[in-house]
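Subject: The model, and what turned up in it

Hi there,

Here is the structure we talked about, ready for you to open next to your notes. Could you have a look at it while you read what follows?

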Amino acid sequence: MSGENYRSATKSHDPGWNDPPPIPIAHKARAAGTKAEQKQKEDDGAGNAKAPDRDVMITQVRTVFDEYVQRLEESRRANVQKRINLLYDQWTNRTLPEELEILVYNLSTALLDEDDVRANVLHRTIVCDHASKCAQWAPMLRQLIFTLQLRNERTKPIGADPIVQPL
């Protein structure tokens with residue numbers, strides 16, 4: 001290919017269908033402080049706003065989880081509480097990654113809001129992404145979500161499920 005026929009991207013030409021959009025020089029020179037990057041720093045990765053202080057987070061987590069443990073059957077409470085206490089110990093000893101703390105906090109918020117769908121998604125993320133740190137206590141969080149799901153099923157109005165009553 002001769003140099004005459006080849007057009008470099010820096011020369012003006014009509015862009016082709018697969019040419020990337022031009023980037024203004026002002027954006028190239030700007031430091032890494034765009035709104036998207038700032039939002040990413042403020043987000044926890046799941047679209048939730050950045051969590052509050054660690055002490056506020058653990059207070060809410062303890063309050064919500066302990067309340068849900070009290071809703072469990074009497075025979076399950078001691079074992080579930082023992083496992084959740086392992087979570088509290090890890091949190092207090094600062095052996096949990098910050099990302100995991102935020103996920104646990106968001107799970108407690110989902111339980112507080114009685115949003116079982118969001119709680120399931122957060123639980124799955126906790127178990128899949130942080131299995132080595134939460135293997136002892138994460139399965140017990142599932143018991144709390146089951147309690148919420150059972151409660152939501154009882155309060156769901158009859159006929160609200162389109163699968164149960166097809167057209």
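One term before anything else: a residue is called buried under 20% relative accessible area, exposed over 50%, and partly exposed in between, with a 1.4 Å probe and protein chains only. Please keep in mind that this is a predicted model, in which local features need pLDDT of at least 70 and side-chain atom pairs count only at pLDDT 80 or more, while totals for chains, interfaces and linings use all residues. Residues are numbered from 1 along each chain as its sequence is written, and side-chain values use heavy atoms, with hydrogens and water left out.

**The overall picture**

The protein chain has 8 helices and 0 strands, so its elements read α-α-α-α-α-α-α-α from the N terminus on, where helices (H or I, at least four residues) and strands (E, at least two) are DSSP runs numbered from the N terminus. Of the 167 residues in the protein chain, 32% are buried. Contact here means heavy atoms within 4.5 Å. Among contacts between residues at least 6 apart in sequence, 64% join residues at least 24 apart.

**Helix H5**

H5 (98-112) is mostly covered, with 12 of its 15 residues buried. Among them are Leu100, Ile102, Leu103, Val104, Tyr105 and Leu107, along with Glu101, Asn106 and Ser108. The buried residues of H5 pack against helix H3 (54-71), helix H4 (74-92), H6, H7 and H8. From its first C-alpha to its last, H5 reaches 21 Å, close to the 21 Å expected at 1.5 Å a residue; the expected span is 1.5 Å times one less than the number of residues in the helix.

**Helix H6**

H6 (residues 116-129) has 14 residues and reaches 20 Å between its first and last C-alpha, close to the 20 Å expected. Its buried residues are Asp116, Ala119, Asn120, Leu122, His123 and Ile126, and what covers them includes H5, helix H7 (131-134) and H8.

**The loops on either side of H5**

Which residue in the loop between H4 and H5 is worth a click? Arginine 94 is in that loop, and its phi is near 60°, a positive value in a residue other than glycine. Arginine 94 is exposed, with a relative accessible area of 60%. Leucine 96 is in the loop between H4 and H5 too, but at 7% relative accessibility leucine 96 counts as buried. Leaving aside neighbours within four places in sequence, leucine 96 is in contact with Leu87, Gln90, Trp91, Glu101, Lys133 and Trp137. Glutamate 114 is partly exposed, with a relative accessible area of 35%.

Glutamine 149, in helix H8, counts as buried at 18% relative accessibility. Beyond its neighbours within four places in sequence, glutamine 149 is in contact with Asp116, Asn120 and Arg142. Asp116 and Asn120 are also among the buried residues of H6. Glutamine 81 sits in helix H4 and counts as buried at 19%. With neighbours within four places again set aside, glutamine 81 is in contact with Asp66, Val69 and Tyr88.

**The second largest pocket**

A pocket is found on a 1 Å grid over the protein atoms alone, as an open set of points where a 1.4 Å probe fits, with protein on both sides within 12 Å along at least five of seven lines; lining residues have an atom within 4 Å of a point. The second largest pocket holds about 190 Å³ of space; grid points are joined across faces, edges and corners, and the volume is the space filled by probe spheres set on the points.

Which helix gives the most to its lining? Helix H8 (residues 138-155) does, with 6 residues. The lining includes Arg71, Glu73, Arg76, Phe146, Leu150 and Arg154. By type, the lining divides into 3 nonpolar, 2 polar and 5 charged residues, where Ala, Val, Leu, Ile, Met, Phe, Trp, Tyr, Cys and Pro count as nonpolar, Asp, Glu, Lys and Arg as charged, and the others, Gly among them, as polar.
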